[in-house]
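These are notes for a colleague who is opening the model for the first time. Please read them with the structure in view.

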Amino acid sequence: MREKILRILTEEGRLADAEIAERLGLTTEEVAETIGEMEADRVVLGYRALVDWSKTEVERVFAYILVEGSPEHGAGFDRLAEHIARFDEVHSVHLTSGSADLNVVVEGRDFRDIALFVAEKLAPTSGVTGTSTSFVLKTYKLEGRLMGETPSNHRLAVSP
Amino acid sequence: MSVEQQTDRISRLARDLRPSGIREFFDLVVGMDDVISLGVGEPDFPTPWRACDAVIESLRHGATSYTSNRGMLDLRVEIADYLLARFGVDYDPEEQILVTVGASEAVDLAMRVLLDPGDEFLVTDPSYVSYAPCVEMAHARAVAVRTRLEDEFRIKAGPLADACSERTRGLLFCNPSNPTGAVMRREHLEGVAEVARDRDLLVISDEIYAELTYEGTHCCFPTLPGMYERTLLLNGFSKADAMTGWRVGYACGPADVIEAMTRIHAYTTMCVPIMGQIAAIEALRHGEDDRARMVAEYDQRRRVFVNGLNRIGLDCFVPMGAFYAFPSIRSTGLTSQQFAKSLLADQRVAVVPGDAFGEAGQGHVRCSYASSISDLREALARMEAFLARLSAGEVTIEQ
């Protein structure tokens, strides 16, 4: 039941309990209770809009920053990652495999904003040994959604 | 040239062949704006990109030729593996599988190889629009086996046996059903199998909607005791893999029937276009998650739509398969045609009159729920408004 509810929440956002219940053949109470539990357990962290900022007046840019760091005995990169994650400019932080240790997504008003954040805050952080910044120039797909026009529907109006 | 001269050169068979009731209705809808169509017998999902990508890549490598008449061996092997793993039925890809232009071509081929002039073939009523015409095009007689709302449109052994004569060669039915969405589980199919054994029928089991079975598992007809030898199993990629336009289906069954069908197919069609076959191979190899995702979505829509129909006063049994609901419209006092045409004119919602699928469909309309939930809710709101206006005498009844 959790998996089915999560599928709807992640695809369509916070629909009404009654709507989810009808779709899944559950009672409204069951849905409310399950979602309540998942929120309390921090399985569900929140509900957000997916926005194509390039279509708005709002200046907003993102960059992927590969961070190399020195691991700590017994804690690995946890303390470093949690430290970096506390900055408001940081959108997400992942421990990753590959050449770098952490993949940090940073957002800012413009490229300069982000570059200064990296130079003044991120790179000098104790435990960070190197950074490599890639600015996002254009987004084609975001969180499972295509950014362009939705493909047109070619179906006939009536078919066998 | 006069109309008379023109009709003279058309064969009696072709002259007598009526266009499908669905096509007639299609002509009414064309050109109307703002129509929400529940008349569509195909998925609203595009073909999963993996399959499209496989075809684009194959074109780059020059895969544009004919294939074996039976279909690419790679595809037949994948079909055999899939049917065995998914439904527990085992076919030899070399001799028992023919890839066809949709399951539709397989119905036509089957009738041509099974029927002699004057023979009879049983077809459920209501049923998919091409079944009876395919029997008639083979110069045989389609005999209706009526199914009833009280039985949720499942075939019952009694009426099935009653419809048999000495000329009856077999039975053609679709499970899960287009147009009703009804599902026959193993216990329902056993009665059909018994009659098939007693009357020596060849059964054509069209299981194109097998993957779209909700709340339980699909029972593949040839897995019933004694049925493997007398079943022609039809399936394809149009519905579960959202590949209607690619036109790929298949028939599996006794080697003699498949061989005879292949001979005709080789003359009339040569082979299914290679692009569709390549897409189908990809769908079988990697399409499981895509199928599951789409089925889960249809299942949600099914609940929302069927609940909605019952709430607004159109009684509808809960369909357990395909993506159709088949509500009764008897409470309105209208015929299926009047209901569908008036609803279209008054509220711009297209549904298909139930009698387009046979006399037993009278008093019903077929609604496809292969549309977004927001469209389904809007359609329900319009239908509710239609029913209110109808009982207030404000609707012009279209004939």
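1. Two definitions come first. Helices (H or I, at least four residues) and strands (E, at least two) are DSSP runs, numbered from the N terminus. The expected span of a helix is 1.5 Å times one less than its number of residues. This is a predicted model, in which local features need pLDDT of at least 70, side-chain atom pairs count only at pLDDT 80 or more, and totals for chains, interfaces and linings use all residues. Residues are numbered from 1 along each chain as its sequence is written, and chains are lettered from A and ligands numbered from 1 in the order in which they are written.

2. Helix 6 of chain B covers residues 102–114. Its 13 residues should span 18 Å at 1.5 Å a residue, and the end C-alpha atoms are 19 Å apart, which agrees. A residue is called buried if 20 or more other C-beta atoms lie within 10 Å of its own, exposed if 12 or fewer, and partly exposed in between, with C-beta atoms placed from the backbone. Eleven of the 13 residues of helix 6 of chain B are buried, so this helix is largely enclosed by the rest of the structure. Among them are Gly102(B), Glu105(B), Asp108(B) and Leu114(B).

3. Helix 5 of chain B (residues 73–87) has 15 residues and should span 21 Å; its end C-alpha atoms are 21 Å apart, which agrees. The buried residues here are Leu75(B), Arg76(B), Ile79(B), Leu83(B) and Phe87(B). They cover an arc of only 100 degrees around the axis, which puts them on the same side of helix 5 of chain B; the arc is that of the directions from the helix axis to the C-beta atoms. An α-helix has 3.6 residues a turn, so residues three or four places apart point the same way. On the other side of helix 5 of chain B, Leu84(B) and Ala85(B) are exposed.

4. What do the buried residues of helix 5 of chain B pack against? Their partners are strand 2 (97–100), strand 8 (249–252) and helix 11 (274–286) of chain B. After helix 5 of chain B comes Gly88(B), with a positive phi near 75 degrees.

5. Chain B as a whole has 14 helices and twelve strands. Its radius of gyration is 21 Å, close to the 21 Å that the globule rule gives for 399 residues, so chain B is as compact as a globular protein of that length. The radius is taken over C-alpha atoms, and the rule is 2.2 Å times the number of residues to the power 0.38. Of the 399 residues of chain B, 50% count as buried.

6. The domain assignment, which is automatic or from a database, divides chain B into domain 1 (3–46 + 290–387) and domain 2 (63–287). The C-alpha centres of these two domains of chain B lie 24 Å apart. Their contact (C-beta atoms, placed from the backbone, within 7 Å) takes 35 residues from domain 1 of chain B and 34 residues from domain 2 of chain B. On the domain 1 side, helix 3 (21–29), helix 12 (288–312) and strand 9 (324–325) of chain B each supply at least two residues. The largest share of that side, seven residues, comes from helix 12 of chain B.

7. Glu229(B) is placed in the loop between strand 6 (202–206) and strand 7 (231–236) of chain B. Is Glu229(B) buried or exposed? With 9 C-beta neighbours inside 10 Å, Glu229(B) counts as exposed. Glu229(B) and Ala255(B) are 26 residues apart in sequence and 9.6 Å apart in space, C-alpha to C-alpha.

8. Chain A has five helices and six strands. Its radius of gyration is 21 Å, well over the 15 Å that the globule rule gives for 160 residues, so chain A is more spread out than a compact globule. Of the 160 residues of chain A, 16% count as buried. The domain assignment gives domain 1 (2–40) and domain 2 (53–137) of chain A, and their C-alpha centres lie 34 Å apart.

9. Between the chains, 22 residues of chain B are in contact with twelve residues of chain A. Helix 3 and helix 12 of chain B are the elements that give two or more residues to the side of chain B that touches chain A.

Definitions and conventions: Contact = placed C-beta atoms within 7 Å.
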